[in-house]
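Please keep the sequence and the 3D view at hand while reading.

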Amino acid sequence: MNHWTPDDIPDLSGRTALITGGNSGIGLETARALARHGARVILAGRSQTKLDQAAQAVRTATAEARTDTLLLDLSDLSSVRDAATRIAETETVDLLFNNAGVMNLPERRTTHDGLEMTVGTNHLGHFAFDALLWPAVRRSSAPRVVTVSAIAARWPMGGLDDLMSEKSYRAMGAYAKSKRANVVYTLELARRTASSPVEALVVHPGSAMTGLQQHGNGALSRMITPIAARLLMGSAEGAAWPSLYAATSPYVRSGQFIGPAGRDQTSGTPRPAKLPAGAHDLAAGKRLWAESERLTGVPFDLEAGAAL
């Protein structure tokens, strides 16, 4: 495959992108690149102040950029419903980025709705948001749904049998579960939309210093993070490349896992990557979908969208 950069993104005039976690890190870099190529971008996040600052940053980079903001707390299903309803009633979403996330929470915490915080935010919040938002996606003639996973999806500790970490909790184990759930969900979404124009892709960004690292604490985390930043991690700008490639390249296919092709898969030209072992299991996809509907209380009707 030829070397790819965001300069290869085609003209996106007339297309609308919605990015969760669009106020910082990979989400903000994704927004900047899309706006530079003509897309209207909707930045979704928990803080209106940070969203306004991010929207201004996008407009500063591209004077003619069209930006909107959307208050969304993925750890609160009432916020998810309010935000999705606002978009689903009137908007068309051509490019949907399930990008926001948390990681490395040292103790088991729960969301507003009693779900384990990491999986509840990274997977279940997005599942409910996508379901409730779906009418806006269905209005697009060529929609793509891009979900940001991580290399952690391949870790053995990421099994989905104890999804809420009720039997035992490990910070990075919960993160690995959430990122594996991102992959399994995307593959199931790709299967369920195979006869439609929807293309569902999942990406891993390699390793980059983004807002996610702020959730770690303790002496070990404070010691390791600066070392990793110098030796292993790339920039948020480079980490956005797989998301941008998945959303805009004519060469991708629904159900693919896209990641950087560089050494150790930490940076470089995006390309299809190896799926986590067992992620393509049909029964696992159906189980996760049903469990996600049960835990969130949100049915995902791909023909009509969830009831608003």
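Asn104 is partly exposed, with a relative accessible area of 23%, where buried means under 20% relative accessible area, exposed over 50% and partly exposed in between (1.4 Å probe, protein chains only). Asn104 lies in the loop between β4 (95-98) and α4 (117-138), and although Asn104 is not a glycine, its phi is positive, at about 60°. Helices (H or I, at least four residues) and strands (E, at least two) are DSSP runs, numbered from the N terminus. Ser165, which is not a glycine, has a positive phi of about 50°; Ser165 is found in the loop between β5 (144-148) and α5 (171-192), and with a relative accessible area of 2% Ser165 is buried.

This is a predicted model, in which local features need pLDDT of at least 70 and side-chain atom pairs count only at pLDDT 80 or more, while totals for chains, interfaces and linings use all residues. Residues are numbered from 1 along each chain as its sequence is written, and side-chain values use heavy atoms, with hydrogens and water left out.

The pLDDT, which is the predictor's confidence in each residue from 0 to 100, averages 91 over the protein chain, and 88% of the residues score at least 70.

Asn99 is placed in the loop between β4 and α4 and is buried, with a relative accessible area of 14%. Leaving aside neighbours within four places in sequence, Asn99 is in contact with Ile19, Thr20, Gly21, Ile26, Gly27, His126 and Val148.

Eight strands form an open sheet with mixed pairing, in the order β3-β2-β1-β4-β5-β6-β7-β8; two strands pair if DSSP finds at least two bridges between them. The edge strands, each pairing on one side only, are β3 (66-71) and β8 (270-272), and the twist averages 20° from one strand to the next. Strands β5 and β6 run parallel and are joined by five bridges, with Val146 standing opposite Leu201 in β6. Helix α1 (residues 25-36) packs on the sheet, touching β1, β2 and β4, and its direction makes about 170° with that of β1. Helix α3 also packs on the sheet, where it touches β1, β2 and β3, and its direction makes about 145° with that of β3. For these angles, axes are lines fitted to C-alpha atoms, for helices over the stretch in contact, and angles run from 0 to 180 degrees between N-to-C directions.

A salt bridge is a side-chain nitrogen of Lys or Arg within 4 Å of a carboxyl oxygen of Asp or Glu, and by this rule the count comes to nine. Three of these pairs, among them one involving Arg15, are listed here.

| Pair | Distance, N to O |
|---|---|
| Arg15 and Asp94 | 3.4 Å |
| Glu91 and Arg40 | 2.8 Å |
| Glu199 and Arg144 | 3.0 Å |

Glu199 lies in strand β6 (residues 199-203) and Arg144 in strand β5, so the pair ties together parts that are 55 residues apart in sequence; Arg144 is buried, with a relative accessible area of 10%. Asp94 counts as buried at 7% relative accessibility, and both Glu91 and Arg40 are buried as well. Arg40, Asp68 and Glu91 are linked in a network of salt bridges.

Methods. Contact means heavy atoms within 4.5 Å.
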